[in-house]
Amino acid sequence: MLEKLLLWLAVFLLVLVVSVSHWGIAWAMVLITASAALALGELYSQYKADKEYRRDLEAALLIGRYSMGIDHKGRRTGKIIR
Amino acid sequence: MGTEKKFYGWIPILSGELMIEQKLFQEADISDFEKMFRPEFSEVLLSDRIFDKLFKLKHRVSYEKKYLERCEECGEKVLYLSIRVSNRKGEKLVEGDAWIHRSGLTKYKVVYVCPDYPFPERILHKLVRDIFHVHVHHSSDLPLPPVKAENEEEAKKKILEEYVRKFIKYKRIASKTRLKNAVDDLSRARGEIVYAKAAYKLFYKALTDNSSLISSFKSFDESFKILLERASYRSHLATNYIAICLTTLLMAIALLELSWYFPEWFITIKTVKLHVCRHLCALPLSIFLYFIIELIRVKQK
């Protein structure tokens, strides 16, 4: 929760700085930075979730979040399933 | 490399007996079984690498022998399969035997595996399971891997224990991962509990003390239900917070932009230097609203 709040704080500060210096494009900046923040937030939370699954691969396999395959040379492959 | 280890897997079913082309397993003959092995099962994508998926580098799977026989242990009718997996060059990667029971319990014996792959029984089980089972509650991978056991009784017990282990893992991970994943995982967990109960009905005789297991499945189900409700509620709330914060910010800017319609005192305040601070007004307001909503939500609960 705190991470999300900090992320939004960063967005508002960025908008503040940009809009004060370039008032004419402030509206566009608000929307662009908010969208960027949403996208970054999504990617970050996805990365954190993947990291959590990777921490215990056997558990991730049991709950269907990790796939374990075999490639054409017979080597083991593994991937987190989103 | 040859191994003689025995593994047992369960093909998840709800019906209590495998259905073979509209017939019960016991009533089906070998020609009915033959119909199950459709051509698409002879080429399977076993690698999960993006490159392999993109170019559809599928492995060749051949079910060389198929016949019905009596199980050495229980005397039931079983389907025997000899499975061989090779790459596109025809090089053998995994080879093994499978004995499929009417309950979905399947015994695997690994005959050959290439040195770099540590879990050949998982590949064999995936190939057999995908013929008889359609995935609904989870991805197409291997949520219940085969267990190593000496005999069927031990295997049944281990499979049920594996389900308990799986539900503990579900709970642990759902509490740590993000809400979106937690909602997804908990939904799957609830779906799998249904299969766990079906497995229990089939295998409970193998347990010496079976009373605690069924009650633990029920408790897990209740717990997952509550967790799912909470996670769903919270995941929807996050979107609301974002929407409210954005709207508040935009409204605050708009109000300050149109400030010449406001009374004289407001204009005065504005001229005092709110030009720089206009966004600062919106920032605490948004965060304040965030906590107000959180407070209302907690009180409602």
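A residue counts as buried if 20 or more other C-beta atoms lie within 10 Å of its own, as exposed if 12 or fewer do, and as partly exposed in between, with C-beta atoms placed from the backbone. With 24 C-beta neighbours inside 10 Å, A:Leu61 is therefore buried. The structure is a predicted model, in which local features need pLDDT of at least 70 and side-chain atom pairs count only at pLDDT 80 or more, while totals for chains, interfaces and linings use all residues. Residues are numbered from 1 along each chain as its sequence is written, and chains are lettered from A and ligands numbered from 1 in the order in which they are written.

The predictor gives the complex an ipTM of 0.70 and a pTM of 0.75. Confidence in each residue is expressed by the predictor as pLDDT, on a scale from 0 to 100. Chain B has a mean pLDDT of 80, and 75% of its residues reach 70 or more. Where pLDDT is low, the predicted coordinates should not be read in detail.

Chain A contains three helices and two strands. Helices (H or I, at least four residues) and strands (E, at least two) are DSSP runs, numbered from the N terminus. Along the sequence, the pattern of chain A is α-α-α-β-β. Chain A has 82 residues, of which 27% are buried. A:Leu61 belongs to helix H3 (residues 57–62) of chain A. Its C-alpha atom is separated by 13 Å from that of A:Asp50, which is 11 residues apart from A:Leu61 along the chain. Two residues are in contact if their C-beta atoms, placed from the backbone, lie within 7 Å. Among contacts in chain A between residues at least 6 apart in sequence, 21% join residues at least 24 apart.

Chain B has eight helices and nine strands. Of its 301 residues, 31% are buried. Among chain B contacts between residues at least 6 apart in sequence, 58% join residues at least 24 apart.

Seven strands of chain B form an open sheet with antiparallel pairing, in the order S4-S5-S6-S7-S8-S1-S9. Its edge strands are S4 (43–44) and S9 of chain B, each of which pairs on one side only. Strands of a sheet pair through backbone hydrogen bonds, either parallel or antiparallel. Here, two strands pair if DSSP finds at least two bridges between them. B:Glu43 has B:Arg60 as its bridge partner in S5(B).

Strand S1 (residues 6–10) of chain B is largely enclosed by the rest of the structure, because five of its five residues are buried. B:Lys6, B:Tyr8 and B:Trp10 point one way from S1(B), while B:Phe7 and B:Gly9 point the other way. Five bridges link S1(B) to strand S8 (residues 105–113) of chain B, and the two run antiparallel. Within S8(B), B:Leu105 stands opposite B:Trp10. S1(B) also pairs with strand S9 (residues 147–148) of chain B, over two bridges and again in the antiparallel sense. There, B:Lys148 in S9(B) is the bridge partner of B:Phe7.

The loop between strand S2 (19–20) and strand S3 (23–24) of chain B holds B:Glu21. B:Gln22 lies in the loop between S2 and S3 of chain B. Most residues other than glycine have a negative phi, and most peptide bonds are trans. Phi of B:Glu21 is positive, near 50°, and B:Gln22 has a positive phi of about 70°. B:Glu21 is exposed, with 11 other C-beta atoms within 10 Å. B:Gln22 is exposed, with 8 C-beta neighbours inside 10 Å.

Helix H4 (residues 152–176) of chain B has 25 residues, and its end C-alpha atoms are 36 Å apart. The expected span of a helix is 1.5 Å times one less than its number of residues. For H4(B) this gives 36 Å, which agrees. Buried residues of H4(B) include B:Ala155, B:Ile159, B:Leu160, B:Tyr163 and B:Phe167.

A nonpolar core is a set of buried Ala, Val, Leu, Ile, Met, Phe, Trp, Tyr and Cys residues joined through C-beta atoms within 7 Å. The largest such core has 62 residues, and those with the most contacts inside it are B:Ala98, B:Leu124, B:Leu186 and B:Ala199. Helix H5 (residues 179–203) of chain B supplies the largest share of this core, 10 residues. Not counting residues up to four places away in sequence, B:Leu124 touches B:Ile83, B:Val94, B:Gly96, B:Ala98 and B:Tyr108.
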